[in-house]
Amino acid sequence: NKVPYNLLYDLGFTSIGDEMTTTFPNKSHVGDAIYERSGRFTNLNQTECGLHSHLQKIKALKKQRKDAGEEWAVPELKCEKCIELKEDTFLETVENNYLQNDGLILLEFYSPFCGSCQEFAPVLNRLANHQLPNILVARFDVTEQSIPKYNNQEIFLVESTPTLYLVGHSPSFYAELYIGKHDFGAILQWLTEKLKEETDSKE
């Protein structure tokens, strides 16, 4: 955890930590002096997970803009065929509307201010456009709403962004965390394997 640079990120893995930094200022989307990529931060001395620190910085920047009378602009991460979930529609979508029909949901937890989420957005959009059978692509913005629980349990553990889960309902509700590289080919292969497992389990 206490390392100046995490090489695993450049292999496609997300990371968390308090002294994990990057030398790429162009990847900062929160503030001029804040360089972060999914849990890598500079000028942090406290031990916190990357997501918590990220949300605190957004909150502070939002207040700063408000106090200065400046407009608060949220970056747009385009994904035309993605379902944008909210707290009040989350459980209805992931449990009732789609999964009861033996469908799977590729679910991203993201922050529009996160540099790695902005880099990943075209990949998610491509996955949504790929139209894999029985897979719905959805996402949930963690910056303005709390991550919902399922049956009062914290099923979705999000420590960095983007975080991906595959949600299914066969034979019962489950949410499987994706831990591989965040590129199109790797995720597509993972989804294809999971679809095959679902099909084989029903034969």
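1. The loop between α3 and β3 holds Asn-134, whose phi is near 65°, a positive value in a residue other than glycine. Helices (H or I, at least four residues) and strands (E, at least two) are here DSSP runs, numbered from the N terminus. Most residues other than glycine have a negative phi, and most peptide bonds are trans. The model is predicted: local features need pLDDT of at least 70 and side-chain atom pairs count only at pLDDT 80 or more, while totals for chains, interfaces and linings use all residues. Residues are numbered from 1 along each chain as its sequence is written, and side-chain values use heavy atoms, with hydrogens and water left out.

2. Asn-152 counts as exposed because its relative accessibility is 75%; exposed means over 50% relative accessible area, buried under 20%, and partly exposed in between (1.4 Å probe, protein chains only). Pro-162 belongs to the loop between β3 and β4 as well. The peptide bond that joins Thr-161 and Pro-162 is cis, with omega about 0°.

3. As to the overall layout, the protein chain has four helices and five strands. From the N terminus on, the elements run α-β-α-β-α-β-β-β-α. Of the 203 residues of the chain, 45% count as buried.

4. α3 has 16 residues and reaches 24 Å from its first C-alpha to its last, close to the 22 Å expected at 1.5 Å a residue; the expected span is 1.5 Å times one less than the number of residues. α3 bends by about 35° at Ala-121, and a proline, Pro-122, follows within four residues. The bend at a residue is the angle between axes fitted to the seven residues ending there and the seven starting there. Among the buried residues of α3 are Gly-115, Ser-116, Phe-120, Ala-121 and Asn-125.

5. The largest nonpolar core has 21 residues, of which Leu-106, Leu-124, Leu-127, Ile-135, Ile-187 and Leu-191 touch the most other members. Such a core is a set of buried Ala, Val, Leu, Ile, Met, Phe, Trp, Tyr and Cys residues joined through side-chain atoms within 4.5 Å. At least two residues of this core come from each of β2, α3 (115–130), β3 (135–141), β4 (163–168) and α4 (184–201). The largest share, six residues, is supplied by α4. Apart from this core lies another, of 17 residues, among them Phe-90, Ile-105, Phe-109 and Tyr-150.

6. Aromatic contacts come next. A search of the whole structure finds 10 aromatic pairs. Rings of Phe, Tyr and Trp (its six-membered ring) pair if their centres lie within 6.5 Å; planes under 30 degrees apart count as stacked, over 60 as edge-to-face and the rest as tilted. Phe-90 and Phe-109 form a tilted pair because their ring planes stand at 35°, with the centres 6.3 Å apart. Phe-90 lies in helix α2 (residues 87–97) and Phe-109 in strand β2 (residues 104–110), so the pair ties together parts that are 19 residues apart in sequence. Phe-90 is buried, with a relative accessible area of 0%, and Phe-109 counts as buried at 0% relative accessibility.

7. Phe-156 and Tyr-165 make an edge-to-face pair, 5.2 Å centre to centre with 90° between the planes. Both Phe-156 and Tyr-165 are buried. Ring pairs link Phe-90, Phe-109, Phe-140, Phe-156 and Tyr-165 into a cluster.

8. The charged end of Arg-126 sits over the ring of Phe-184, 3.7 Å from its centre, and that of Arg-139 sits over the ring of Tyr-110, 4.9 Å from its centre. The criterion is that NZ of Lys or CZ of Arg is within 6 Å of the ring centre and within 35 degrees of the ring normal.

9. β4 and strand β5 (residues 174–177) run antiparallel and are joined by four bridges; strands pair if DSSP finds at least two bridges between them. The two strands β4 and β5 form a hairpin with five residues between them. Gly-168 stands opposite Tyr-174 in β5.

10. Glu-198 is found in helix α4 and counts as buried because its relative accessibility is 11%. Glu-198 and His-169 are 29 residues apart in sequence and 10.0 Å apart in space, C-alpha to C-alpha.
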